[in-house]
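Here is a friendly walk through a two-chain model, written for someone who likes cut-offs stated plainly. Please have a look at the structure first.

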Amino acid sequence: MISRFQIASKNLLRKKSRTTLTLIGIMLSSWVLVSLLGFNRGYETALNRDIDNMGYQLMVMAKGCPYEAATMMLQGGAGLRYIEQTMVNSIAARPEVDKVTPILMQAFFDPDKGDGGGIAGYFGIDLATYPGMKPFFRFRQGGWFKNDTAAEAVMGYEAAELEQREVGDMIMVPEKNVPLKVVGILERTGTQDDGTIYVPLKTLQKISAIDKITTIGIKVKKDADITKLENSLYQLPDMQVVSFTQVKQTIMKLISTARMMVLSIAIIALLIAMIGVVNTILMSVMERIQEIGILKTMGAMPIDIFFLVWTETLILCSVGGIAGIGLAIVFARLSDILVRRILPYSPGGELVAIDIRLALLTLAVILGVGLLSGIYPAWKAGRVRPLDSIRSEG
Amino acid sequence: MNPGYPNRSISRILKQLMLLMVLMLPAVPTTTQAAVNCELNYPASDVARLFPESDNYKISYFSFARQGGEPLLRKVEARLGSVPALYAPLNVPYTLYEIYKGGKRIGYIHGVNQKGQYGVLEVFVSLDMKGMIKAFYIQRMAGQWVNKFTLPKFGKQFVGLTLRDFELYDPVSGKGSGKVAAMTNPAPLAVTDFYGLQRAVKKNLVLMDEFVYSTQKGKQ
């Protein structure tokens, strides 16, 4: 015996072009919807990971325009503002502070890097405190430096891959021509750490002929008031504070505006697709009004006709929804690249994260809205009066 | 202005955002460069310099993933002395500059990455249609003796050589004979870089042989 599902499928296949166009509409709207929901979650997760991977919640650096700092970094670090290392102890003594780590960021101009030369960034770190801030670091090869004055380097995954370095190999600090032995290569983290070269703080200070630092990373105690600490740090002369929690909130605020606009477009696209569904099913019902009348004379109840037509909606929405979600998963990487090109700042890692839960949620939304749209045509079909329909001209 | 969001806070937060971007700076060029194997920094002027008689060029890409896969990779490594020499995943595209004059293809420029003493070596050669080296160019190299290797005198030693010359010599073990074995090292302390450069050129020629010249022979 032929099932309701088979009858509904055959009905849809009668008008292949119309069914295909409706399916494309549903597919595109579900593609946009699932990608957007994926971005919604992926971006926040990636940003959280990037900021958590900084290892510290606050950073203190010498006061100055950040634009100026960026330019100085690009020019090879000449004229960067420095702070006295004694500041580390004064900050560490504050009750809210759990751990502090001094960092010296230096950028050297490498004439052989990229188009017309590029900047090679080095992080001078304190062996006693920095690794504790990054407990999630895993070494692919080797480990941290022997001591805090060793002429050694630890390379991020991509920095090592680009320079084809392995543990035991040497690297040369551009401009200064100082050789350093690679003692560790980190596993890929998907963050800025992958492109960083770490050197013992004292070694980098010696190479740069400077006894100061550029940054202090601060890890705050679990229940401490970060805002209070931040405000008190602002009182330090010529210092500025970077709070990653605030940075995260700001980025999320900027992103949420754009996200709302795109979500509105996705909802409109979904509504247009559903109007297409209503149109397709309604036309199909009108074209088959005599058949429906005959079915009723043969004993079909209004509820049977209702479910038969509703099944057509269900098939359209399921196939279109699954195809759209499938496309979104297949092209997630492409969406990721496009989003990165559009956004002024995007964190590392996966920006459009679509998992099975999100795919099922989107499918449920598409099916829910689709079935709601299908109620009217199905109800209209169920109300057809057999004699009127048979009398009417085909 | 929203009273709960004072002007000072906005400027402070924007500054912080800028700082975050500054902190992320070192990672950016590294990540983007890692995507492609070896490309000329200034293709227009580099092509004109390495192939003075050319009037046009076209860029194309080849990779093990698209042609030959794992078996071809193993074959290439075997031809290079059975030492993993490519340091690149199968899907990394190799950039090939096809050189034209008056609409006719007259040669190629191709570069490879090779492990050097203090960092990666980016080595290019320009080749005629038969696979003979016309010019040798080191785009990237680290170390205090870079100037010695970039002297025209050193580069000229490679001009006129073909894959046949490199097959007589193993730059991994330093054993063999012929013109490659007779090359002089301008910086005796930089042995790794000297052999690295020879190995890079051999790798370059083997890749060109497998992906370009043998394909052309097959078509003829």
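Chain B holds 8 helices and 7 strands, where helices (H or I, at least four residues) and strands (E, at least two) are DSSP runs numbered from the N terminus. The model is predicted, so local features need a pLDDT of at least 70 and side-chain atom pairs count only at pLDDT 80 or more, while totals for chains, interfaces and linings use all residues. Residues are numbered from 1 along each chain as its sequence is written, and chains are lettered from A and ligands numbered from 1 in the order in which they are written.

Chain A has 14 helices and 10 strands. The table puts the burial of the chains side by side; a residue is buried if 20 or more other C-beta atoms, placed from the backbone, lie within 10 Å of its own.

| Chain | Residues | Buried |
|---|---|---|
| Chain A | 394 residues | 42% |
| Chain B | 220 residues | 35% |

Two residues are in contact if their C-beta atoms, placed from the backbone, lie within 7 Å. Among contacts in chain A with a separation of 6 or more, 81% involve residues 24 or more positions apart. For chain B, 65% of contacts between residues at least 6 apart in sequence join residues at least 24 apart.

Where pLDDT is low, predicted coordinates should not be read in detail. Chain A as a whole averages 84, with 92% of the residues scoring at least 70.

Now for the helix packing. The axes of α9(A) (residues 244-287) and α13(A) (residues 356-382) come within 9 Å and cross at roughly 20 degrees. This makes α9(A) roughly parallel to α13(A), a label for angles under 35 degrees. Residues of α9(A) including L270(A), M274(A) and V285(A) meet a set in α13(A) that includes V369(A), G370(A) and A381(A). By class, this contact of α9(A) with α13(A) has 11 nonpolar, 3 polar and 1 charged residues; Ala, Val, Leu, Ile, Met, Phe, Trp, Tyr, Cys and Pro count as nonpolar, Asp, Glu, Lys and Arg as charged, and the others, Gly among them, as polar.

Note on methods
Axes fitted to C-alpha atoms, helices over the stretch in contact; angles between N-to-C directions. Parallel < 35°, antiparallel > 145°, perpendicular 65-115°, else oblique. pLDDT = per-residue confidence, 0-100. Buried ≥ 20, exposed ≤ 12 C-beta atoms within 10 Å, placed from the backbone.
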